[in-house]
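Welcome, and please have your viewer ready. We will go from one selection to the next and look at what sits there.

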Amino acid sequence: MSSDAITTTSTSDAAVAAAMGIAEMGPPASTLTCPPGSVRIRLTTTLPAPADWVATQLQTTALFRYITAPLLQFATVQGPWPTHWPLGDTELRFALFGLVPMGRQTARISQHLCDGIPGAWPLLRDNGTGQLMRVWDHRITVHSLPGPPGRTCYTDEVFVRARYLPWVMTPLSAVFAWVFYRHRQRRWLKLAQRQPSAQGPGACA
């Protein structure tokens with residue numbers, strides 16, 4: 001089971017989220033600053049795999065390419081893919097279904113303490129920007145669930161703001177982001193279920 005939300009950091013965009021019939025569920029994943037004028041999307045799911053395995057996979061670029069395909073296909077601007085994400089900037093280009101070019105995007109990777117979640121792995125942040133998006137601030141939190149071992153609560157939280165015509169394109173970008181991260185989490189679940197420790201999907205507590 002998963003929970004998801006679209007919320008906003010500006011009053012004008014709040015009506016868009018209300019019209020979509022999607023209300024906030026759960027607190028922010030962190031106390032990091034919320035970019036002004038952005039729309040917040042938050043999706044949470046349970047992965048049937050240990051948190052240390054999930055956190056280890058998060059560090060790899062192979063995992064990123066697996067969970068984003070085939071909806072979006074990415075390539076590095078310079079050189080081959082590194083095995084693991086380096087801290088700092090990585091320049092990417094991407095295409096919708098590998099066919100429609102969507103321009104360039106800078107992945108800006110950093111790690112932070114995960115506020116308010118005891119025992120959680122460090123929060124992984126991509127405070128990205130690109131030719132289409134002024135803000136694409138993605139935060140990932142991972143922590144073990146109580147009860148039977150091998151269950152991980154995984155949360156994607158992203159703030160988006162379009163570069164051009166933001167009053168129109170930001171809400172549309174938020175809808176795309178919701179679809180994109182739902183797709184990513186379904187791919188995550190498929191991958192996690194292949195692990196020997198997988199016990200089947202559950203619900204985040």
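At roughly what angle do the axes of α3 and helix α4 cross? Before you select them, a word on the model: it is predicted, so local features need pLDDT of at least 70 and side-chain atom pairs count only at pLDDT 80 or more, while totals for chains, interfaces and linings use all residues. Residues are numbered from 1 along each chain as its sequence is written, and side-chain values use heavy atoms, with hydrogens and water left out.

**Stop 1: two helices**

Select residues 61-68 for α3 and residues 166-192 for α4. Their axes cross at roughly 115 degrees and come within 8 Å; axes here are lines fitted to C-alpha atoms, for helices over the stretch in contact, with angles running from 0 to 180 degrees between N-to-C directions. Helices are DSSP runs of H or I with at least four residues, strands are runs of E with at least two, and both are numbered from the N terminus.

Now show the side chains. From α3, Leu 63, Phe 64, Tyr 66, Ile 67 and Thr 68 meet a set in α4 that includes Phe 180, His 183, Arg 184 and Trp 188. Contact means heavy atoms within 4.5 Å.

**Stop 2**

Step back to Thr 60, in the loop between α2 (51-58) and α3. Is Thr 60 buried or exposed? Thr 60 has a relative accessible area of 15%, so this residue counts as buried (buried is under 20%, exposed over 50%, partly exposed in between, with a 1.4 Å probe and protein chains only).

Zoom in on the side chain of Thr 60: one of its polar atoms lies 2.8 Å from the backbone oxygen of Gln 57. The side chain of Thr 60 also reaches the backbone nitrogen of Leu 63, at 3.3 Å. Beyond neighbours within four places in sequence, Thr 60 touches Thr 83, His 84 and Trp 85.

**Stop 3: a strand**

Thr 90 belongs to strand β4 (residues 88-96) and is buried, at a relative accessible area of 10%.

**Last stop: the whole chain**

Zoom out to find four helices and eight strands, in the order β-α-β-α-α-β-β-β-β-β-β-α from the N terminus. Of the 205 residues, 47% count as buried.

Methods:
Polar contact = N/O pair within 3.5 Å; in protein donor to acceptor, adjacent residues only side chain to side chain.
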